Each structure stands twice: as structure tokens, then as C-alpha cells.
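Subject: Structure for you to look at

Dear colleague,

Here is the structure I promised to pass on, with my notes set out below it. Please read them with the structure open beside you.

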Amino acid sequence: MKKEGRKLDGNSFLLVITIALFVVMYLVGIALFKNQGFAKTQNFLNLFISNAGLIVIAAGMTIVMITGGIDISVGSVVAMVCMVLAWTMETAGWGAIQSAVFVLALGVVFGFVQGWLVAYLKIQPFIVTLAGMFFARGMTAVISKEMISIKNETFLAWAQCKIYLPFGGYTNKKGMLIRPYIYPSVIIALVVLVVIFIVLKYTKFGRSIYAIGGNEQSALMMGLNVKRTKLKAYVLEGFLASLGGFLFCLNTCSGFVEQAKGLEMDAIASSVIGGTLLTGGVGNVIGSLFGVLIKGTIEAFITFQGTLSSWWTRITIAAMLCFFIVLQSVFAAAKEKNKK
Amino acid sequence: MNKKLVSVLAVSAMAVSMMPLSAFAEEDLITVGYAQVGAESDWRTANTESFKSTFTEENGYKLIFDDAQQKQENQIKAIRSFIQQEVDYIVVAPVVETGWETVLQEAADAGIPVILSDRMMDLADDSLYTCWVGGNFIKEGETCGNWIADYLEAQGRGEEEINLVTIQGTIGASAQIGRTEGVGNIVAEHENWTMLDMQSGEFTQAKGQEVMESFLKSYDDIDVVICENDNEAFGAIDAIKAAGKTCGPDGDIIVVSFDSVKAAFDAMIAGDLNATFECNPLHGPRVAEIIQKLEAGEEVEKIQYVDEAYFDTSMDLETILAERAY
């Protein structure tokens with residue numbers, strides 16, 4: 001019991017650091033780019049608008065990482081989801097709702113196959129999802145090598161449905177009233193995040209995931225159904241990847257083979273910055289959210305600065321990853337010491 | 001615990017402040033946000049340089065440049081950031097043609113004009129952008145066809161039966177479609193010209209060589225090879241030489257290509273390539289011209305072509321090469 005308490009302390013400490021880092025970075029941004037409008041409400045909301053898909057995908061990634069696994073197929077799944085949405089609506093003439101339900105089901109099936117291979121055949125998650133990554137990207141190209149633009153009116157209405165907030169309006173220099181807004185995708189992403197947070201923290205399934213990631217052997221001896229729990233985790237993650245892909249598509253409104261390349265790495269980086277351990281057993285979707293927001297803030301820095309190469313985003317994220325990995329290992333070492 | 005937290009924050013604040021930043025904006029400058037595709041080719045780099053050297057503070061501009069690393073989602077983010085920064089104009093060289101409605105609507109709602117550079121967007125509502133600036137691929141193709149006609153005339157072969165082949169670009173690319181059409185228009189004007197075959201070399205040297213090898217096997221009397229970019233021409237030249245034939249101004253086969261990259265000048269100086277037709281990347285000055293017109297409240301044309309030249313072996317290529325930006 002005491003050990004459990006300490007572990008949680010360590011976790012929440014990492015979370016606090018992530019959140020604090022985000023706040024500090026954002027305040028630095030406001031201080032530096034005050035004249036350029038960094039402090040605007042909309043600038044903050046844009047972090048959510050542009051990253052709604054990634055927030056959901058990172059939440060899914062966090063779940064499989066807590067089980068001690070990984071999923072590198074998510075970027076390709078996003079591309080496939082966008083392509084299937086575009087193709088079914090534009091070429092096959094499906095309705096928007098029908099297409100959306102179909103891609104979500106596709107994600108569940110994809111997650112089920114990957115999860116089954118990982119849990120029941122005990123194949124390395126990296127290898128399984130590597131195959132999944134090639135498969136999904138390949139299928140995307142098979143469906144169409146050309147870009148497909150989504151012109152379905154219902155879908156575009158979802159994508160362009162601005163929800164104005166009742167505060168933070170201002171008049172811009174052209175004399176137009178600008179009110180801050182979000183898109184439905186932001187609400188979906190945040191609701192999903194809260195639901196996943198509750199599932200992980202307060203349900204048997206959620207706790208089993210932590211137990212398996214912490215120590216698979218003892219989880220087994222405690223009588224947990226390790227295989228089924230893992231399978232469920234991958235199915236949930238597959239669903240979240242396709243939902244993330246759907247939100248991503250609401251932002252880009254097109255299907256294209258090259259889409260979302262490397263998105264899996266952004267999701268993994270966000271999870272790690274958010275305090276998730278690659279070894280499993282530790283992690284929190286709220287942390288992953290802030291991981292995504294930190295990445296978005298770095299990108300905002302680069303564009304507001306205006307002359308730096310955008311590759312600095314990657315370099316800064318690399319530095320942060322190093323920082324967090326070292327921090328985590330320091331914690332792990334401290335914990336070991338405490339045990340003795 | 002608190003001490004640790006403070007030190008961690010200090011370290012992170014340091015890490016952030018280490019990034020080289022400059023944050024001053026001058027009121028009277030015209031702010032232009034440019035969302036560039038990336039830096040994938042010499043052409044692209046020259047295009048970027050053209051903007052950076054045109055939109056300087058001395059010329060009365062502040063340029064906010066963003067490299068999207070070939071990703072549409074990065075470009076969408078960049079445009080959103082430009083809107084927040086209340087730039088006066090947004091210039092976009094779109095990575096892909098599709099999926100711009102939402103973010104361009106956001107720009108329109110904020111009253112910021114959007115100018116497209118190089119590539120077109122596939123939009124349901126064309127009023128979402130002010131104008132487009134880029135190369136005229138059809139005209140490039142026609143210039144090429146006319147140059148071939150003049151060249152043959154000068155050689156006294158104006159009335160001869162002429163056999164042509166085309167190594168096309170990647171099928172469906174706007175450069176391929178336009179150049180094929182432009183050349184085709186001129187071929188149709190000459191009854192003594194026959195287009196023997198057209199195949200895609202996918203804009204690469206290796207594929208260009210492969211296609212040329214198969215052409216040489218199938219047809220023994222090829223007079224002119226039209227390559228839809230320079231790289232394909234380099235491959236074609238290798239194939240011609242390997243087949244024991246000669247090309248260039250002193251050879252059996254006339255080889256022409258598009259784009260005019262530096263290596264094409266080297267090939268012309270070496271006497272392998274006859275001519276190359278430019279795809280001008282220097283869009284900066286034309287965009288600046290448009291912005292000045294818009295500032296003065298004038299109307300601008302929706303489609304604006306940049307001036308494009310061609311180069312052949314009769315010119316002083318070494319001097320031109322030394323002065324070229326790309």
C-alpha cells in the first residue's frame with residue numbers, strides 16, 4: 001500500500017512538471033510575442049483545433065504504452081482513415097455518417113487483429129504494428145494514388161462548423177469583430193480524453209492495464225486475464241486511432257497517401273513528455289494531452305518567430321524527450337533505492 | 001520536492017529561452033506570411049530565396065516564413081498562426097491541392113487576402129483566394145515546340161519528315177499535363193512532324209534512361225527527344241550514348257528539356273543538350289507587385305503567370321550560369 005502511494009506520487013510529480021513546463025513555455029511565448037497576438041484566446045484554442053486528432057491518438061498510444069506495448073501503425077491508420085473517408089464519400093457516394101461509422105469500425109477491426117497477434121501469439125508489439133503500418137499505408141495507396149478532395153456537404157458542414165465562445169472577442173486592425181471559436185472536433189477530443197481518463201483510473205479494466213504493464217507475471221498470479229486485457233487495450237487503441245484519424249480528416253478534408261507521415265512518433269513523444277514510461281505501468285492521458293500542447297506551443301514559437309527553420313521543432317522536442325527520459329530514470333533509480 | 005520543482009522549472013525556462021528569438025514588430029511594415037512547401041529541390045530553395053530577398057525590411061515588408069516540411073497539416077497550422085499574428089497578406093504554396101476550405105474560410109473571416117504561389121488549390125469557392133501566381137506549363141510547352149520549329153528551319157530541315165518522341169513527367173502532375181498539351185499544340189501545326197511515342201519517365205533520371213532505351217529499340221529514326229524535366233533528359237542522353245548515337249547541337253538527335261536547373265546548363269556546355277525551357281521559381285517580385293496593387297486598392301487578375309525564358313547552346317551559357325540563382 002505504501003509503495004503504491006509513493007509510485008503515484010512520482011507519477012503525479014512528473015505530471016506536474018509537464019504541466020508547469022507547458023505553462024512556463026506559454027507564458028514565455030506571450031512575453032516574447034505579445035505584439036504579434038500570441039496572448040489571444042484564439043491562439044490558445046488553435047493548439048486544440050490543429051491537434052484535436054493527435055490528442056485522441058496520443059491518448060490511445062498512452063493506453064498501449066501503459067501495457068508495456070507500442071503502436072507505430074497509427075500514422076498510417078490515419079492516412080488510411082482519411083483516404084477511406086474521402087473515397088467512400090466522393091467515389092462510392094456514401095453518406096457522411098455511413099463513412100464515419102465505417103472507418104471507426106475499421107479501426108476496431110485493425111486494433112483487434114493487432115491486439116490478437118500481440119496478446120495471444122505473443123509477438124513483439126513493435127513488429128506487429130510495423131506490419132500494420134506498412135499494410136495501412138499500402139492500402140491507402142491501393143485505394144487511390146491521387147489526392148481526393150472531400151466535397152460532401154454534410155462532412156464539410158461538420159468540418160467548418162465554428163462554435164463561437166461567449167468571451168474574448170476583439171476588433172482587429174481592419175475593424176472586423178473577431179470572436180474566438182472552436183470546432184466540434186475539439187469538443188470530441190476533450191470528451192474522449194475525459195472518458196479515457198475515467199476508464200483508466202476508476203474501472204477494473206483500467207487498473208488491470210496498469211497492473212499488466214507494471215509486472216505481467218504478478219498480474220497473472222493475481223488472477224487477471226492478461227491476454228484479454230491486452231487485446232481490449234489494443235482494440236480501444238485501434239478505435240481511438242481511427243477516431244483521431246476522423247478528427248484529423250475534419251481538419252484537412254482530403255485523402256492522400258503521404259498524409260500523417262511520422263504522426264506515430266509525435267504521439268509517442270507526446271506520451272513520453274506527458275510522463276508515460278516505455279517500460280509500461282506508468283502513464284496518464286492528461287499528461288499526454290499536455291505533451292501534445294507542448295509540441296503545439298513549440299510549433300507556434302517557430303511560426304511566430306518567423307525566420308527560424310521549422311526543423312527546430314524537432315530539435316526542441318528531441319531535447320525535451322532527453323530531459324524527460326533522464327528525469328524518469330532518476331525517479332526509477334530513486335524508487336529502487338527506497339525499496340532497499 | 002519544491003526545491004526540485006523550482007530547479008526543474010529553471011532548467012526548462014533556460015531551455016526555452018535558449019532558442020534564438022527576436023520579437024519586434026514595426027508598425028508601418030507590410031506583414032506577409034509565406035507558407036512554403038518545404039526545401040525538397042533546388043527549384044524550391046530558389047523560390048524561397050526569391051521571397052526572402054524581395055520581402056525585406058528595406059523594401060517595407062516583414063516576412064514571416066514557414067517551411068511545412070511537405071506536410072499539409074503543418075501548412076494549415078502556419079496559416080492559423082498567420083491569422084493570429086494579423087498579417088496583412090498570406091501567401092501559400094500549397095503542398096497538396098485539396099482540403100483548404102476550412103482554413104481559407106478562417107482567413108476570409110479575418111479579412112486577410114490569400115495569394116497562391118506555384119500550385120493551384122482545388123476549391124469549391126474560388127473567391128477564397130485573391131489570385132494565383134505561377135508558371136504557365138502550356139506556354140512552356142508551346143515555347144518548346146516553336147523553338148524546335150525555328151531550330152529545324154535554321155538547319156534547313158523545315159520541310160523534312162521529323163520524328164519526335166516525348167518522355168513525359170509523372171502522369172497527372174500539372175507540369176506533365178500542361179507541357180504535353182503545349183507541345184502537342186505545336187506538333188499539330190506541322191504536318192511533317194510525327195509524334196512517334198509518349199511515355200512517362202516520372203521526372204527521374206533512371207526512368208528517363210529506361211524509357212529512352214525502349215524508344216531507341218522500337219524506332220530507328222528519332223530526330224527529336226522532348227523530356228518534360230531536366231533529370232529525364234540526363235537519363236535520355238546516357239541511353240542515346242549507350243546506343244552508339246550522338247545528341248546535342250552536333251549530334252544525330254535533338255534533345256530538349258524543361259525546368260533549367262544548373263545541371264542542364266552543364267549538359268548544354270558539354271554539348272549533349274540542345275535547349276532547356278525555364279520554369280521560373282522567382283515568384284517573389286511578382287507577388288510583391290500584386291501586393292502593392294492591392295494596397296493601392298486596385299483589382300488584380302485572378303491568374304498571373306510569371307515570365308519564363310529558355311536557354312539554348314547559341315547563348316553565352318557560362319555567363320548566364322554564373323548569374324543564376326538556381
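A word on terms before the description: helices of at least four residues and strands of at least two are taken as DSSP runs and numbered from the N terminus. Please also bear in mind throughout that this is a predicted model.

On that basis, chain A has 13 helices and 6 strands. The radius of gyration of chain A is 21 Å, close to the 20 Å that the globule rule gives for 340 residues, so chain A is as compact as a globular protein of that length. Its C-alpha trace spans about 65 × 50 × 35 Å along the principal axes, and buried residues account for 52% of the 340 residues in the chain. Of the contacts in chain A between residues at least 6 apart in sequence, 77% link residues that are at least 24 apart.

Turning to chain B, 6 of its strands make up an open sheet with parallel pairing, in the order β2-β1-β3-β4-β5-β11. The edge strands, each of which pairs on one side only, are β2 (61-67) and β11 (303-305) of chain B, and neighbouring strands of the sheet are turned against each other by 20 degrees on average, direction ignored. Within this chain, strand β4 (residues 114-117) and strand β5 (residues 131-134) run parallel and are joined by 3 bridges; B:I115, for instance, has B:C131 in β5(B) as its bridge partner.

Where the two chains meet, 38 residues of chain B are in contact with 47 residues of chain A. On the side of chain B that touches chain A, α1 (2-17), β2, α3 (72-84) and α4 (101-109) of chain B each supply at least two residues, and α3(B) gives the most, with 8 residues.

Leaving aside residues up to four places away in sequence, A:V78 touches A:G53, A:A241, A:G244, A:G245, A:F248, A:Q259, A:A260 and A:L263.

With best regards

Definitions and conventions. Residues are numbered from 1 along each chain as its sequence is written. Chains are lettered from A and ligands numbered from 1 in the order in which they are written. This is a predicted model: local features need pLDDT of at least 70, side-chain atom pairs count only at pLDDT 80 or more; totals for chains, interfaces and linings use all residues. The radius of gyration is taken over C-alpha atoms; the globule rule is 2.2 Å times the number of residues to the power 0.38. A residue is buried if 20 or more other C-beta atoms lie within 10 Å of its own, exposed if 12 or fewer, and partly exposed in between; C-beta atoms are placed from the backbone. Two residues are in contact if their C-beta atoms, placed from the backbone, lie within 7 Å. Two strands pair if DSSP finds at least two bridges between them. Axes are lines fitted to C-alpha atoms, for helices over the stretch in contact, and angles run from 0 to 180 degrees between N-to-C directions.
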